[in-house]
Amino acid sequence: MISGMLLEFEKISRSFGGVRALSGVSFGVQAATIHGLIGPNGSGKTTLMNVVSGLSGADAGRLLFDGRPIHRLRPHRIAALGVARTFQNIRLFSGMSCLENVIAGQHLMGARPLFQRLFRLRSANLAEMKSLADARACLSKAGIAGRESAPAGSLSYGERRRLEIARAMALKPRLLLLDEPIAGMRLREIEEMESLFRSLVASGVTILLIEHNMPFVMRLCHSITVLHFGETVMTGTPGEVAEHPEVIEAYLGGKGERNEG
Amino acid sequence: MKLPADLPAGAASRADRGLAIRLRRRAAEVVALSEFFAVYGSLINFAGLNALLALSLYVPLSAGQLSLGNAAFAGIGAYVSALLTMRLNVPFPMSVAAGGCLAAAVAMAIGAPVLRIKGIFLAMATLAFGEVVRICAVNLSITGGAEGLIGIPNKTTAVMIYGALAATAYFLTALRWSQTGWSFASIREDETAAMVMGINTTRYKNVAFILGAFIAGIAGGLYAHLNFIITPAEFGFSAEVQLLIYNIVGGTRSVFGPIVGALILTAIPEALRAAGVTAGPLRLGVNGLILLLVILYLPNGLSSLFAKKR
Ligand SMILES: Nc1ncnc2c1ncn2[C@@H]1O[C@H](COP(=O)(O)OP(=O)(O)OP(=O)(O)O)[C@@H](O)[C@H]1O
Ligand SMILES: [Mg+2]
């Protein structure tokens with residue numbers, strides 16, 4: 001184990017029928033940094049994120065979180081280690097309000113015992129106040145404090161993405177996986193997200209970020225891994241990546257083709 | 001209760017006369033209430049039991065699991081408790097509790113394989129389970145075959161039924177704000193999102209299924225000791241669907257939805273009978289119409305009418 005690496009992919013492969021979504025992907029994510037994951041549509045970025053969160057098993061290879069193999073764990077076990085995520089196609093609890101979404105996201109924080117509730121003990125109230133305060137803090141960090149009681153289904157696209165990030169933060173994660181978090185956001189929102197991600201990293205959180213917006217990736221990420229047809233083209237600093245001829249050809253050149261998946 | 005005629009003769013002062021009138025009125029009320037109960041007592045009892053059964057289905061529904069096996073769990077509770085009181089002279093409360101526990105145990109056994117299935121296929125699998133239970137009851141000799149069990153001692157009272165209903169409703173309301181309740185709600189909204197936020201979805205789906213079966217089993221035991229006779233047919237397909245209809249009509253966004261749905265749909269046919277509508281199909285047709293209107297115009301059920309006003 002290389003010291004300082006929070007997440008290490010070792011020759012991770014995954015196929016869907018005949019499609020090799022990932023073949024022998026290896027790289028490491030330094031703790032308390034923002035690591036970018038870029039590549040053309042269908043290059044396996046989301047699949048890789050699914051492997052990390054346990055939604056998709058790896059056919060071969062190893063995945064280490066904080067030095068510990070996690071590729072055989074079920075999703076809730078991986079979450080319990082401190083891994084939270086958002087989804088490319090946003091998965092909110094649309095029947096709940098914004099505040100309720102975040103409270104639901106506090107599952108691993110505990111402190112919602114039935115017994116106290118049943119007998120209306122004071123501790124139930126105290127626990128509830130704390131959970132409410134925490135949830136409000138997450139909402140305001142994500143910049144949607146004003147929409148507390150709005151049904152999640154009624155939010156604008158950018159607000160939905162931010163609510164999903166707020167819900168992921170409720171878990172107080174060590175590693176945050178963000179799948180195209182600023183897709184569909186307006187410029188001002190993008191700037192807010194940028195400072196949010198920076199402050200999270202400053203507080204010790206590690207972020208693995210999938211994003212098609214190259215200027216955003218280039219100015220925010222400490223290091224970047226480029227995927228192409230399920231293989232790692234390279235891992236390096238934004239400067240190195242921008243100069244790599246294969247990257248320019250494979251990805252930066254094809255910028256116009258991006259779409260929402 | 002003393003009748004008004006027996007009031008003290010010396011009630012001469014105005015105050016006393018006022019008291020006498022009030023007492024007379026009160027006595028009349030009590031008489032009216034007991035008459036009402038004599039006529040509608042069984043309706044009141046059955047409405048309460050239906051509400052309890054509706055709640056038993058509400059639990060898995062609140063965790064997003066469409067189970068159609070709860071009438072069968074009620075059947076298990078009914079047969080087990082009835083047999084315990086009749087054959088082994090087990091005290092009534094204990095036999096009802098045992099019925100609930102056995103229903104829960106069966107749910108625990110079948111939950112592991114069945115809850116891997118999702119949506120409409122889960123509904124079909126639990127329905128098939130219900131058929132198996134019914135066929136067992138028809139073919140076993142201990143359950144009395146198709147004729148069922150006859151001569152179950154009448155022990156259940158309205159107080160017990162409504163006590164159980166109130167306790168269950170209170171428990172489920174408290175549960176809603178607990179770790180378990182939030183997990184149920186998260187799974188119902190989006191199972192994948194629930195998983196990655198650390199919820200052991202398999203475990204909580206099983207908890208919901210087992211808890212629902214337990215409540216159904218208790219309701220079944222109370223039903224058996226109310227009714228003198230139970231038959232396998234009562235716990236079959238149409239009963240399963242009936243429970244689902246209570247939930248759809250009342251709504252499953254709160255504990256009160258299924259209760260309201262069950263009370264209204266049980267009472268309406270009887271109210272219509274009292275109003276002189278004697279044709280059976282017409283009376284049940286009104287319930288069908290209500291179901292249709294709710295599905296079309298109130299996706300969250302009748303209880304959303306009250307929620308909106310607040
Ligand atoms: N569940 C699945 N079943 C079958 N094929 C899949 C599945 N998930 C992904 N794939 C395939 O794996 C490949 C990689 O998909 P993936 O979603 O990981 O790409 P991506 O890099 O996230 O693309 P995008 O930028 O469009 O989001 C694609 O060819 C896709 O069709
Ligand atoms: Mg993707």
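Start at helix H1 of chain A: H1(A) gives the largest share of the shell around ligand 1, 3 residues. Helices here are DSSP runs of H or I with at least four residues, strands runs of E with at least two, numbered from the N terminus.

This is a predicted model, where local features need pLDDT of at least 70, side-chain atom pairs count only at pLDDT 80 or more, and totals for chains, interfaces and linings use all residues. Residues are numbered from 1 along each chain as its sequence is written, chains are lettered from A and ligands numbered from 1 in the order written, and side-chain values use heavy atoms, without hydrogens and water.

**Ligand 1**

Select ligand 1 and its shell (a heavy atom within 4 Å). 14 residues surround ligand 1, with A:Gly42, A:Lys45, A:Thr46, A:Thr47 and A:Gln88 the closest.

Now pick A:Lys45. One of its polar side-chain atoms lies 2.8 Å from an oxygen atom of ligand 1. For A:Asn41, a polar side-chain atom is 2.9 Å from a ligand 1 oxygen atom. At A:Gly44, a backbone N or O atom sits 3.0 Å from an oxygen atom of ligand 1.

**Strand S9**

Move to residues 223-228 of chain A, strand S9.

Find A:Leu37; its bridge partner in S9(A) is A:Thr225.

Next, show S10(A), residues 231-236. S9(A) and S10(A) pair antiparallel over 5 bridges. Here A:His228 has A:Glu231 as its bridge partner.

How values were computed:
A polar contact is a pair of N or O atoms within 3.5 Å; within protein, one must be able to donate a hydrogen and the other to accept it, and residues adjacent in sequence count only if both atoms are side-chain atoms. Two strands pair if DSSP finds at least two bridges between them.
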